[in-house]
Amino acid sequence: MTNSTVEAIQGIEKIRASNIPVVEPLSNGHRACQGCGEVLALRLVMKALGHNVIVVSATGCMEIISSPYPQTAWEVPWLHVAFENAAAVASGVEAAYRVMNRKGKINQPDVTILAYGGDGGTADIGLQSLSGALERGHNFLYVCLDNEAYMNTGIQRSSSTPYGAMTTTSPPGKKSIGQMTWKKNVAAIAAAHEIPYVATASPAFHIDLMNKVRKGAAVKGPAYIHIYSPCPTGWRCDPSMSVHVARLVVQTRIFPLYEVVDGHWRLTNKVKRPKPVIEYLKTQRRFRHLTEKEINKIQQRVDKEWEELVKRCEY
Amino acid sequence: MGKRVGIEVSLAVSHAVMLVDVDVIAAYPITPQTHIVEHLSELVADGELDAEFIPVESEHSAMSTSVGASAAGVRTFTATSSQGLALMVEIMYIASSLRLPIVMAVANRALSGPISIWNDHSDMMLSRDTGWIQTVAENGQEAFDLILHAYRVAEDPRVMLPMIVNLDGFTLSHMIEPIEFLSREEVNKYIRPYRAPLRMDPENPITMGPVGMPEVYTEAKKAQDEALKNSKEVIIEAWKEFGDLFGRYYSPVETYRMEDAETAIVIMGSLAETAMTAVDRMREKGKKVGIVRPRLFRPFPAQEIVSALENVNNVAVIDRALALNGMGGPFSFEIRSVLYDSGLHPYIKNYIAGLGGRDVTVENFTEIASDIEKCSREGVKPGYEIINVRE
């Protein structure tokens with residue numbers, strides 16, 4: 001780990017239960033669905049970042065629910081351009097701030113540049129622009145709000161949809177069990193760019209999430225945080241269950257919480273007594289068609305991926 | 001006034017970009033635009049231009065990064081051609097609707113397929129309705145001057161629209177021409193420091209790019225259309241000021257030997273210089289032929305075109321692109337449209353010429369003039385013809 005990254009991470013003002021920020025740069029009154037785990041995650045991101053930030057949004061649920069002209073839920077500068085280019089747009093904002101500060105046109109060296117997108121805007125259509133921005137080393141934070149399908153257009157599968165899940169384009173049928181592929185690991189792809197900071201987070205572990213956001217914003221260079229974001233509408237579960245499933249997904253080791261600092265992997269939640277995956281799967285009707293055989297297959301995959309992750313963290 | 005220097009036109013374009021002290025350049029390589037951005041990256045590497053040069057991973061990101069930089073309030077530049085422009089188009093519509101004064105040079109090249117790196121105007125036609133102001137250079141001096149003009153116009157608070165300077169790929173971009181440069185001091189008299197009226201700034205937060213519900217979408221598009229139309233006045237004003245300062249005057253539509261012309265060749269870009277040679281030869285033989293060359297393509301200079309053509313019998317519209325709809329080239333539709341509305345009814349024929357780098361010669365233009373006069377005299381049904389097709 002480089003000294004500058006360590007210093008930046010150690011230098012953050014740590015969030016604890018006693019000092020959770022009261023600011024709401026993403027204010028209430030937006031149009032998200034009841035129980036939306038994605039807007040909860042984004043709200044926590046913004047609480048951690050405060051107001052000295054410029055936000056670049058990909059097209060998606062979080063864009064439409066927060067910006068129907070002439071209304072806006074944003075207390076901070078917010079820019080939406082298109083679906084697949086949030087990281088590229090953020091590259092431009094970041095470069096502009098760098099050059100304006102260098103030329104003495106402004107004196108705002110500490111503005112955080114945040115780009116966010118859903119799993120479609122990140123893992124699928126926006127993967128190229130994300131990779132480009134990470135590789136070029138822009139000083140920005142990219143947050144993927146992963147609700148595991150194209151929810152804004154009506155619950156179509158993405159490469160981030162988990163194996164077996166029912167979506168409107170991965171319907172289970174006589175010849176299909178639903179989603180036939182395993183979830184793309186975008187956090188690992190981001191880490192392969194050897195950027196200073198990569199992490200995963202869940203809104204059920206809100207303090208952990210906010211501290212990871214602060215670390216991502218603090219490091220010099222690109223940071224990527226992949227946030228699991230329950231969607232009761234698309235996952236077919238009760239809106240009151242969002243935080244519950246966001247906790248269960250970690251407790252079953254399906255979505256491990258970890259961070260990668262300058263290439264060093266570390267579990268941030270060791271899940272010493274994991275629950276069986278069925279505990280998680282049965283909370284959502286998108287999985288209800290799965291047979292015992294398929295559930296066992298998922299359990300085996302989760303166990304194998306966990307072992308591999310633990311090995312990575314041992315180095 | 002600076003001295004005349006023999007230089008490749010692409011490098012002159014880069015030099016103009018340097019003179020306006022651009023802040024962010026986002027670019028992706030594509031032939032024949034490459035020399036422009038290569039030279040800019042050299043100027044940045046050598047410390048002659050203090051800018052961020054962002055070597056993005058696609059043209060889509062070049063345009064997106066330019067949008068981000070411009071929204072943050074800095075002067076931006078990019079350049080592309082052909083497929084690169086096609087990839088940018090999605091974001092070009094958004095750049096103009098966000099009213100961001102990005103300037104882009106397009107070294108015009110044919111669109112695939114089949115893949116062709118050579119010159120025509122199919123990329124210009126692809127981007128014609130994106131809401132960008134577009135000018136078209138005829139020669140190297142114009143390319144240099146039009147870049148400066150573009151920044152002056154795009155950033156005018158009455159305009160605030162992105163702008164393209166078109167120059168023919170290879171046949172203009174790669175030519176070595178004598179160009180009269182301007183000094184920084186001279187350029188500073190013409191280009192003011194850019195102050196964005198609205199920008200991404202945590203001290204003054206704004207929301208840019210919100211959802212346009214059906215209640216507001218129509219009004220947003222009408223406002224944009226008005227802004228584009230109104231820009232014409234500023235475009236002309238900025239050319240006049242350029243002329244007053246530097247002695248080179250420009251207008252939306254250039255005419256050549258049109259005083260008593262019976263037949264007009266309407267054409268855009270560097271091929272007009274070949275047409276001029278042809279017109280000179282035809283004039284020597286007593287043929288009354290002239291040229292009408294729009295330098296401004298967007299907003300379309302309808303009024304000036306009508307004025308230029310009001311006394312002619314025949315209008316030969318040269319398209320450097322083919323619209324695959326069975327009706328000819330896109331430029332001809334626009335010329336026909338403005339003439340119909342004006343009540344003028346000359347004989348119009350559309351000639352599709354020089355697709356994908358096919359040479360167009362002086363003789364081709366004399367043939368075109370003879371052909372349209374014959375068709376007009378014999379009452380041949382107007383239409384279009386692709387010339388120089390190998391049998």
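**Domains, helices and a sheet in chain B**

Author: The centres of domain 1 of chain B and domain 2 of chain B, taken over C-alpha atoms, are separated by 28 Å. This is a predicted model, in which local features need pLDDT of at least 70 and side-chain atom pairs count only at pLDDT 80 or more, while totals for chains, interfaces and linings use all residues. Residues are numbered from 1 along each chain as its sequence is written, and chains are lettered from A and ligands numbered from 1 in the order in which they are written.

Reader: What gives the bounds of domain 1 and domain 2 of chain B?

Author: The domain assignment of chain B gives 4-246 for domain 1 and 253-386 for domain 2; such bounds come from an automatic or database assignment.

Reader: How many residues does the contact take from each domain of chain B?

Author: Domain 1 of chain B gives 25 residues and domain 2 of chain B gives 19 residues. Two residues are in contact if their C-beta atoms, placed from the backbone, lie within 7 Å.

Reader: What makes the angle between α9(B) and α12(B) oblique?

Author: Helix α9 (residues 271-284) and helix α12 (residues 362-378) of chain B pack at about 60 degrees, with their axes 8 Å apart. Axes are lines fitted to C-alpha atoms, for helices over the stretch in contact, and angles run from 0 to 180 degrees between N-to-C directions. Angles under 35 degrees count as roughly parallel, over 145 as roughly antiparallel, 65 to 115 as roughly perpendicular and the rest as oblique. Therefore α9(B) and α12(B) are oblique to each other.

Reader: Which residues of α9(B) and α12(B) make the contact?

Author: Among them are Thr274(B) and Met282(B) of α9(B), and Val362(B) and Phe365(B) of α12(B). By class, this contact has six nonpolar, three polar and one charged residues. Ala, Val, Leu, Ile, Met, Phe, Trp, Tyr, Cys and Pro count as nonpolar, Asp, Glu, Lys and Arg as charged, and the others, Gly among them, as polar.

Reader: Why do β10 and β16 of chain B stand at the edges?

Author: Six strands of chain B form an open sheet in the order β10-β12-β11-β14-β15-β16, with mixed pairing. Two strands pair if DSSP finds at least two bridges between them. Each of β10 (253-256) and β16 (384-386) of chain B has a single partner strand, so one side of each is left without a neighbour in the sheet.

Reader: How do you know that β10(B) and β12(B) pair?

Author: β10(B) and strand β12 (residues 289-294) of chain B share four bridges, in the antiparallel sense, and the definition asks for at least two. Val253(B) stands opposite Pro294(B) in β12(B).

Key:
Helices (H or I, at least four residues) and strands (E, at least two) are DSSP runs, numbered from the N terminus.
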